[in-house]
Amino acid sequence: VEYIQCYYYSGALMFAALDFVSEVEIIVENLSTNEVWFGEFDARVQESYLMEFISAPGTYEITCTTSSGDVYSGTLTI
């Protein structure tokens with residue numbers, strides 16, 4: 001089961017979570033430049049969250065932490 005999903009399109013990341021996940025804190029870091037973006041949303045209130053950021057080429061580490069302490073992470077290379 002994928003509790004949190006993340007999609008990239010044209011310089012933006014779209015996050016969606018199952019509603020029982022509740023609050024999600026998001027950190028996106030460009031591993032080449034060390035730039036960091038933050039976001040958060042409550043899956044019980046909104047179905048998805050759109051994070052717009054500069055899509056400079058590189059590898060990004062994406063970390064999502066739920067209010068219950070579960071951590072989901074992955075990488076994206078542009």
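Predicted model: local features only at pLDDT ≥ 70, side-chain atom pairs only at ≥ 80, totals over all residues.
Which residues of β5 make up its covered face, and which its uncovered one? The covered face consists of Tyr 49 and Met 51, while Ser 48, Leu 50 and Glu 52 form the uncovered face.

Residues are numbered from 1 along each chain as its sequence is written, and side-chain values use heavy atoms, with hydrogens and water left out.

**Stop 1: the sheet that holds β5**

Select β1, β2 and β5. These strands form an open sheet of three strands in the order β1-β2-β5, with antiparallel pairing. Two strands pair if DSSP finds at least two bridges between them. Because β1 (4-9) and β5 (48-52) stand at the edges with a single partner strand each, one side of each is left without a neighbour in the sheet. From one strand to the next, the twist averages 20°; axes here are lines fitted to C-alpha atoms, for helices over the stretch in contact, and angles run from 0 to 180 degrees between N-to-C directions.

Next, examine the two pairings separately. β1 and β2 run antiparallel and are joined by six bridges; select Tyr 8 to find its bridge partner in β2, Leu 13. β2 and β5 are also antiparallel, with five bridges, and here Ala 16 stands opposite Ser 48 in β5.

**Stop 2: Ile 4**

Select Ile 4, which lies in strand β1. Is Ile 4 buried or exposed? Ile 4 counts as buried at 16% relative accessibility, since buried means under 20% relative accessible area, exposed over 50%, and partly exposed in between (1.4 Å probe, protein chains only). Apart from neighbours within four places in sequence, Ile 4 is in contact (heavy atoms within 4.5 Å) with Ala 16, Ala 17, Val 21, Val 24, Cys 64, Thr 66 and Tyr 72.

**Stop 3: two cysteines**

A disulfide is a covalent bond between the sulfur atoms of two cysteines. The criterion is a pair of cysteine sulfur atoms within 2.5 Å, and the count of disulfides comes to zero. Cys 64 is buried at 3% relative accessibility, whereas Cys 6 is partly exposed at 33%.

**Stop 4: aromatic pairs**

Rings of Phe, Tyr and Trp (its six-membered ring) pair if their centres lie within 6.5 Å; planes under 30 degrees apart count as stacked, over 60 as edge-to-face and the rest as tilted. The count comes to three aromatic pairs. Select Trp 37 and Tyr 60 as one example: the ring centres are 6.1 Å apart and the planes lie at 45°, so the pair is tilted. This pair links distant parts of the chain, with Trp 37 in strand β4 and Tyr 60 in strand β6 (residues 59-66), 23 residues apart. Trp 37 is buried at 17% relative accessibility, and Tyr 60 is buried at 0%.

Then select Phe 41 and Tyr 49. Their aromatic pair is stacked, with 5.7 Å centre to centre and 0° between the planes. Phe 41 is buried at 5%, as is Tyr 49 at 18%.

**Stop 5: a salt bridge**

Select Asp 42 and Arg 44. Their side chains meet in a salt bridge at 3.0 Å, N to O; the term denotes a side-chain nitrogen of Lys or Arg within 4 Å of a carboxyl oxygen of Asp or Glu. The count comes to one salt bridge. Asp 42 is buried, with a relative accessible area of 15%, but Arg 44 is exposed at 55%.

**Stop 6: two positive phi values**

Most residues other than glycine have a negative phi. Select Ser 22, in the loop between β2 (12-17) and β3 (23-30): its phi is positive, near 70°, and Ser 22 is buried at 9% relative accessibility. Finally, select Asn 34, in the loop between β3 and β4 (36-42). The phi of Asn 34 is positive, near 65°, and Asn 34 is exposed at 54% relative accessibility.

Key. Helix = DSSP H or I, 4+ residues; strand = E, 2+ residues; numbered from the N terminus.
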